[in-house]
Amino acid sequence: MLIAEDLLLLLTDDDTGRLVASGSMVDIALGGALLVELALAHRIGVDDSDGGNRHGRIVVRDGSLIGDDVLDQALATVTRKEGKKTQSVVTALAKGTRVRLYGRLVDAGELRAESGRVLGIIPARRWPSQDVDHETGVHGELVAALQRGTATDARTGALIALLSALRAVHTVVDPVEVGLSKRELKERAGRIAEGDWAADAVRSAIDSLMAAVVAASASAAVAAGSGS
């Protein structure tokens, strides 16, 4: 299961099959999750040279096939956009990823696809849970990490960092489960996001990717607000 798939499971209500956060912001986070996974696999990085017009731009370290169709497509997109600013690559990867991942999660038996209409007129899709075992395990790992105040593996660290970037940690994990207030939970998640769950070799790239997710999410939120 990809980090992006776990993130989407966590952000989709088990009963209603609807997102618990803004769709545009979730899409950005999913694009960021794909980039984070590629960075953890040492396939891509971010130019961290001092100054110059290449600083903060995406670099492909290894463009060979990975064997996962979603990651391979993501890597191909990154390769085409190599040298672009990180935020623009995150935004490019956001397009169409949610629907594709929903399809994979249905095929894997994690979710089921349901069709309906809003107000009896507008077609709508929902993705309620079919089998919650995997998601329950992921949720438990998040709770344990938040209770400890540290992530012991990169996958959990990445999920907490992405949820923190979305400001959705408290939506996925009830502060009561961790024994903290909402504010304390947010602060602890922020410290974990900045912690040492990523190896030194990719730490600077991860930091840049997370900053890009935050910036792109903020832009998506402003766009959504102005359109409402």
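I began at W197 and found R203 lying over the face of that ring, at 5.0 Å from the ring centre. A reminder to myself: this is a predicted model.

Next I went through the whole structure for aromatic pairs, and the search gave one. The partners are Y102 and W127; their ring centres are 4.5 Å apart and their planes meet at 10 degrees, so I noted the pair as stacked. I then looked up where the two rings come from. Y102 belongs to helix α5 (residues 97-107), while W127 sits in the loop between β4 (122-126) and α6 (133-148).

Then I turned to E37, which I located in helix α2 (residues 23-40). Which side chain of opposite charge is nearest to E37? That is R155, 4.3 Å away. A salt bridge needs a nitrogen-to-oxygen distance within 4 Å, and E37 has none, although E37 is buried. Leaving aside residues up to four places away in sequence, I listed the contacts of E37 as L2, I3, A4, L71 and R155.

My last stop was I121, in the loop between β3 (114-118) and β4. I wrote I121 down as exposed because its relative accessibility is 61%, and the cut-off for exposed is over 50%. I also checked I121 against G137: the two are 16 residues apart in sequence, and their C-alpha atoms are 38 Å apart in space.

Technical notes. Residues numbered from 1 in each chain as written. Predicted model: local features only at pLDDT ≥ 70, side-chain atom pairs only at ≥ 80, totals over all residues. Heavy atoms only, no water. Helix = DSSP H or I, 4+ residues; strand = E, 2+ residues; numbered from the N terminus. Buried < 20%, exposed > 50% of the residue type's maximum accessible area, 1.4 Å probe, protein only. Lys, Arg positive; Asp, Glu negative; His and termini not counted. Contact = heavy atoms within 4.5 Å. Phe/Tyr/Trp six-rings, centres within 6.5 Å; stacked < 30°, edge-to-face > 60°. Lys NZ or Arg CZ within 6 Å of the ring centre and 35° of its normal.
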